[in-house]
Amino acid sequence: MADPTAPDVGTSDDTALDTGGVPPGERGSLVIKDRAIERIAAAAALGVPGVVRHSGGGILRLTGRDLPRADVSTGAMAVAVNLYIAAEWPYDAAMLTRRVHDAVERQLHDLTGMRISELNVLIVATALVEDGETAEAQPPVEYLESDIVAARTTPDPDIPTVAPLPPLAPPAAAPAAAIVAIAALALSFVAARELLIVNGTYGGAPWLRNSFEWFGRLHWHTWLAPIAGVCLVLGIVLIVVSLKPRRRTHVPLQVAGPVPTVWMRRTDVARMCSAHASALTGVRTARTVVDRRRAVVRISIEDETPIDEITASVRGAVAPNLAALADPVELVVEVAR
């Protein structure tokens with residue numbers, strides 16, 4: 001029963017919550033999950049004439065990788081979207097992707113208030129029109145020249161950029177994990193065989209019982225000491241391998257932007273340097289090795305070629321290629337006749 005002496009919190013202004021003068025729209029925070037943005041983008045794309053639902057066959061259907069689908073990467077009030085769609089054949093790819101681009105960008109901005117920093121539309125599947133049906137007429141997409149100029153000249157807001165993860169090598173523990181997985185499968189096979197033998201479904205000698213009986217009769221022998229040592233070393237190696245960080249397989253290149261987004265293998269950098277060096281007059285062969293600190297170009301030249309001149313020529317041909325690296329390396333030229 002309510003207390004009659006208690007104040008009426010529904011009508012009294014004196015009992016209002018103290019909000020410190022903060023407007024209602026600025027209280028708390030709003031978090032938009034990536035999954036919600038993906039669904040908004042997929043629904044907006046599906047509303048464009050010419051974009052159809054498409055379910056992949058086999059394992060794609062089991063994993064739910066249906067079209068249209070979106071992969072998003074969010075930052076501070078900005079989002080980058082990779083949108084995968086299926087189009088109804090026949091279609092104008094350029095017109096369809098422009099229409100999808102406009103619809104998705106407008107829908108995401110209206111529903112989330114986030115700026116679209118990048119939107120890539122990829123047509124990955126085509127659906128044919130069924131017999132007796134006609135493709136729906138698609139309205140043309142029209143752009144005003146003023147809109148195009150405004151889009152190119154409007155400055156982008158100052159939005160912090162999140163650096164992407166660099167390309168990394170597979171984990172060092174991958175071979176050990178594969179061995180463990182194979183051992184687990186073998187153990188499951190043996191256990192299933194033992195179960196069939198116990199139930200009388202399969203006739204044969206039980207492996208597990210014989211193995212356990214052999215271990216039960218086992219006593220100390222001299223050959224157990226080296227086996228124990230090998231197991232100890234193997235365990236330490238597996239721990240070290242599991243904790244070893246993955247190494248970088250590519251080097252970043254200098255591109256327009258605050259963070260590197262283009263990467264290249266050191267092997268490809270070495271091949272590019274060797275190709276430019278071997279194209280010079282007087283150079284017979286060229287081989288380059290690029291590591292974290294140096295790029296060593298080893299060339300063999302003809303007997304009458306001056307070493308100083310060919311060294312300067314090689315440096316002039318190779319240095320611009322190394323200048324494209326975000327992390328500069330020292331150029332070393334080794335000449336042999």
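This note describes selected features of a predicted model, point by point.

1. Basis of the note. The model is predicted, and local features are reported only where pLDDT is at least 70, side-chain atom pairs only at pLDDT 80 or more, whereas totals for chains, interfaces and linings use all residues. Residues are numbered from 1 along each chain as its sequence is written, and side-chain values use heavy atoms, with hydrogens and water left out.

2. Strands S3 and S4. Helices (H or I, at least four residues) and strands (E, at least two) are DSSP runs, numbered from the N terminus. Strand S3 covers residues 78–89 and strand S4 residues 115–128; the two run parallel and are joined by 12 bridges. Two strands are said to pair if DSSP finds at least two bridges between them. Ala-78 stands opposite Arg-115 in S4, and Tyr-84 has Leu-122 in S4 as its bridge partner.

3. The unit built around helix H3. Together with helix H3 (residues 93–112), strands S3 and S4 make a right-handed β-α-β unit. Right-handed here describes a crossover in which, with the strands pointing away from the viewer, the path from the first strand over the helix to the second runs clockwise. His-109 is a residue of helix H3. Is His-109 buried, partly exposed or exposed? His-109 is partly exposed, because its relative accessible area is 46% (buried means under 20%, exposed over 50%, and partly exposed in between, with a 1.4 Å probe and protein chains only). The C-alpha atoms of His-109 and Ala-78 are separated by 9.9 Å, and these residues are 31 apart along the chain.

4. Other partners of S3. Strand S2 (residues 69–74) pairs with S3 in the antiparallel sense over 6 bridges; within this pairing, Thr-74 has Val-79 as its bridge partner in S3. Strand S1 (residues 51–52) also runs antiparallel to S3, and 2 bridges join them. Val-52 stands opposite Ala-86 in S3.

5. Strands S7 and S8. Strand S7 (residues 283–290) pairs with S8 in the antiparallel sense over 7 bridges. The two strands form a hairpin with 3 residues between them. Val-283 stands opposite Ile-301 in S8.

6. Salt bridges. Side chains of opposite charge can pair when their charged atoms come close. The rule for a salt bridge is a side-chain nitrogen of Lys or Arg within 4 Å of a carboxyl oxygen of Asp or Glu, and by this rule the count comes to 4. One of them links Arg-298 and Glu-334, at 3.0 Å from N to O. Why does this pair tie together parts that are 36 residues apart in sequence? The reason is that Arg-298 lies in strand S8 (residues 294–301) and Glu-334 in strand S9 (residues 330–336). Arg-298 counts as partly exposed, at 37% relative accessibility, and Glu-334 is partly exposed as well, at 33%.

7. Two further salt bridges. Arg-35 and Glu-38 form one in which the closest N and O atoms are 3.4 Å apart. Because they are 3 residues apart in helix H1 (residues 34–46), about one helical turn separates them. Glu-38 is buried, with a relative accessible area of 18%. Arg-193 forms another with Glu-194, where the closest N and O atoms are 3.9 Å apart. Arg-193 is buried at 11% relative accessible area, and Glu-194 is buried at 10%.

8. A nonpolar surface patch. Which residues form the nonpolar patch on the surface? They are Phe-212, Trp-214, Phe-215, Trp-223 and Ile-227, which together have about 570 Å² of accessible area. Patches are made of residues with over 30% relative accessible area and no salt bridge, like charges being joined within 9 Å and nonpolar side chains (Val, Leu, Ile, Met, Phe, Trp, Tyr) within 5 Å. Accessible areas come from the Shrake-Rupley method with a 1.4 Å probe, and for residues only the protein chains shown count as cover. Helix H6 (residues 207–216) supplies the largest share of the patch, 3 residues. Trp-214 has its place in helix H6 and counts as partly exposed, at 42% relative accessibility.

9. An annotated segment. The UniProt record, an unreviewed entry, gives the annotation "transmembrane region" for residues 223–243. UniProt positions follow the numbering used here, feature names are shortened, and annotations may be inferred rather than shown by experiment. In the model, residues 223–243 are 95% helix and 0% strand, with the end C-alpha atoms 31 Å apart.
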